[in-house]
Amino acid sequence: MAGNGAPTVGVLALQGDFREHANVLRGLGADVTLVRRPSELAAVDGLVIPGGESSVMDKLSRTFGLAEPLKEAIEGGLPIYGTCAGLIMLANTIVDGIRGQQSLGGLDVSVRRNAFGSQGDSFETDLDIPALGEHPLHAVFIRAPIVEDVGPKATALAELADGRVVAVEQGNLLGTSFHPEVTGDTRFHEYFLAKIRAA
Ligand SMILES: NC(=O)CC[C@H](N)C(=O)O
């Protein structure tokens, strides 16, 4: 990002918990733009794709003419952070999508939707994430996906105790199965803002 001013961070606002991300980012000093149109996407230094329902987000992004500009932004190196449904949107492969569901792609991973069944549908746990420092991160999972396969271009940042991957990074892209926007621990958003500043 050029210059030393506050970065302009977009939050894709088609559906889902975009307001929570916007609040966290504003609290960290970012200028936040809610993105619903290609012109709004073109004006940001980075983008968050929030949690919600990936199949709906997929349909809306195509209906609103955002899917192609989003793919171009991913390929063009725009820093993008996807949480939960947002991670599904960034995955090259979706397992258990609804019929016809497409992702934007970019992350060399395979992601399974709703991977925790009804029992573990929503749960919370502490994760060791070396990239964020020593203290474990409290992570909230809500009908969360799991990263079933991490390809050679992507790096796992966090795993559950059983070894299943729940956070990944690849160049400009960052994805988490869980929702750091609801816990008050802002380290993932800070990590993303540092990526934007370094871009
Ligand atoms: N909290 C979430 O984003 C849930 C994701 C949702 N299950 C999906 O498939 O998109």
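**View A. Residue classes in the lining of the largest cavity.** In this predicted model, the lining of the largest cavity is made up of three nonpolar, three polar and three charged residues. Asp58, Ser61, Arg62, Ala67, Lys71, Met89, Gln102, Ser103 and Leu104 form this lining. Arg62 and Lys71 are among the charged residues, and both line the cavity.

View B. One cavity of 30 Å³ or more is present in the structure. The largest cavity holds about 40 Å³ of space. Two helices, H3 (54-63) and H4 (67-75), each contribute at least two residues to its lining. H3 gives the most, with three residues.

**View C. Cys84, a non-glycine residue with positive phi.** Cys84 sits in the loop between strand S4 (80-83) and helix H5 (85-90). Its phi is near 55 degrees, a positive value. Cys84 counts as buried because its relative accessible area is 4%, and the cut-off for buried is under 20%.

**View D. Arg143, also with positive phi but in another loop.** Arg143 is not a glycine, yet its phi is positive, at about 45 degrees. The loop that carries Arg143 runs between strand S8 (137-142) and strand S9 (146-150). Is Arg143 buried or partly exposed? Arg143 is partly exposed, because its relative accessible area is 44%; that class lies between the cut-offs of 20% and 50%.

Notes. Residues are numbered from 1 along each chain as its sequence is written. This is a predicted model: local features need pLDDT of at least 70, side-chain atom pairs count only at pLDDT 80 or more; totals for chains, interfaces and linings use all residues. Side-chain values use heavy atoms; hydrogens and water are left out. On a 1 Å grid over the protein atoms alone, a cavity is a set of points where a 1.4 Å probe fits but cannot get out, and a pocket is an open set with protein on both sides within 12 Å along at least five of seven lines; lining residues have an atom within 4 Å of a point. Grid points are joined across faces, edges and corners, and a volume is the space filled by probe spheres set on the points. Helices (H or I, at least four residues) and strands (E, at least two) are DSSP runs, numbered from the N terminus. Buried means under 20% relative accessible area, exposed over 50%, partly exposed in between (1.4 Å probe, protein chains only).
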